[in-house]
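Me: I would like to learn how to read the place where two chains meet. Could you take me through it step by step?

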Amino acid sequence: MKDFKLEIVTPKGIYRKVDVEILNIRTPLGQMGILADHIPLATPIEISQMDYMSQGQRYTFAIAGGFVYVGQEETRVIANAIESSDEIDEQRALKAKERAEQRLKSKNEEIDFMRAQLALKRALVRIQVKERV
Amino acid sequence: MPGGMQEIKRRIKSVESTKKITKAMELVATSKLRKARNQLEQLKPYYQSVSETVAEILGHSESEVDNTYLTPHEEGKRVDLIVSSSLGLCGGYNANIFKCVASTVSKEDEIYAMGSKIASYLNRQGFEYHDEFIDLNQSLSFTEITKLVKQLVERYKNGEIREIRMIYTEFVNNLSFEAKVKTLLPIQHEDLEDFSQVQKETLFEPDAQTVLDYLIPMYLQSMILGYLVESLTSENASRRSSMENATDNASQLIDQLLLKYNQARQTAITNEISEIVAGSNSNES
């Protein structure tokens, strides 16, 4: 299969720069697979699981929201935060999940509901990515 | 004059210990400066990717999107984000920011202070300011920035804010830095001209407006983080060079004092000799 260049950048610098065969992401409109020679595209990425195939191997990541820009020369994923399945600290994710769930249950007005929901979502994605391996 | 000599000796000792401190501070600032510069370098690809994409979207689909982000608002407040340091002993770093603030910020503006030095300056001058993000100049916490940007963008879209500016210190090189005022929103055309705008058919999912609404906060986050890191770099560079000067001055002062001390010692010896000579002369006669 034809390769294309993928660059993943985060506020902490360039995270990955690889040649990949397919990039799978989840956009607000649904799951999307990007192959080489895709037409230029710009779309947000949900807090979700993301994966790509490189030299026949699949790499899976948990992405905490971001943006993808498919250009003619390369495809760029701009992520707020991203972790590969090896980097995820499962204990931390489980704790974060519990914390978020508790927050959502308590009917305290001061709690930012949206934020707790997003935190829960991030934790769930991390756990899901970790368990797949 | 043994009394004078004692005095000089004490001063030499005190200057020496001051020199040790300034030297240590210089070393600390040097290592912090290196760290901050690295961070600045690492941030660049992110910042550039975001700006390029924003430029591309605004550049080629001007008709499709409503241009709230590009056109200046008539009404609403002006918001200033001001970055200073939280620690002193960094040369003219804070003074430059204060000067810049005095000439550009008015009392009607809404001010977010980032750094305790600017907060106390604003207090003295009788300005009102928000202090929720006062630690941002040191923590550089991305989550906090996200929170701030979310608040600001929402209010900007509601028309409560007409302009968002950032006052920070630009890092030119290790020895020169400049306090700067930068308009974040509405987006300035000249910021986007740096990027070659290729006019091609880009597909926006779900549509250009949604993508832009999503991208603008990211753009602001990266700009704010970038300027914070840049200010931190300037702060450390400024501290390093002023501590270097202080160390040099201390060395000079020690040299001078040592000369004085030796002179005083010599005078004392000469005096003593002449007293002895005078004494023996009077005995002889």
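**Reading an interface**

Reply: Let us start with one pairing: Ala42(A) has Phe204(B), in β5(B), as its bridge partner. This is a predicted model, in which local features need pLDDT of at least 70 and side-chain atom pairs count only at pLDDT 80 or more, while totals for chains, interfaces and linings use all residues. Residues are numbered from 1 along each chain as its sequence is written, chains are lettered from A in the order in which they are written, and side-chain values use heavy atoms, with hydrogens and water left out.

Me: In which sense do β5(A) and strand β5 of chain B pair?

Reply: Strands are DSSP runs of E with at least two residues, numbered from the N terminus, and two of them pair if DSSP finds at least two bridges between them. Here β5(A) and β5(B), residues 203-204, pair in the parallel sense over two bridges.

Me: How many residues of chain A and chain B are in contact?

Reply: Contact means heavy atoms within 4.5 Å, and here 25 residues of chain A are in contact with 24 residues of chain B.

Me: How much area do chain A and chain B bury between them?

Reply: Buried area is the accessible area (1.4 Å probe) that two parts lose on being put together, summed over both; for chain A and chain B this is about 2100 Å², 66% of it on carbon and sulfur atoms.

Me: How many salt bridges does the rule find across this interface?

Reply: A salt bridge is a side-chain nitrogen of Lys or Arg within 4 Å of a carboxyl oxygen of Asp or Glu, and between chain A and chain B the rule finds zero.

Methods
Helices (H or I, at least four residues) and strands (E, at least two) are DSSP runs, numbered from the N terminus.
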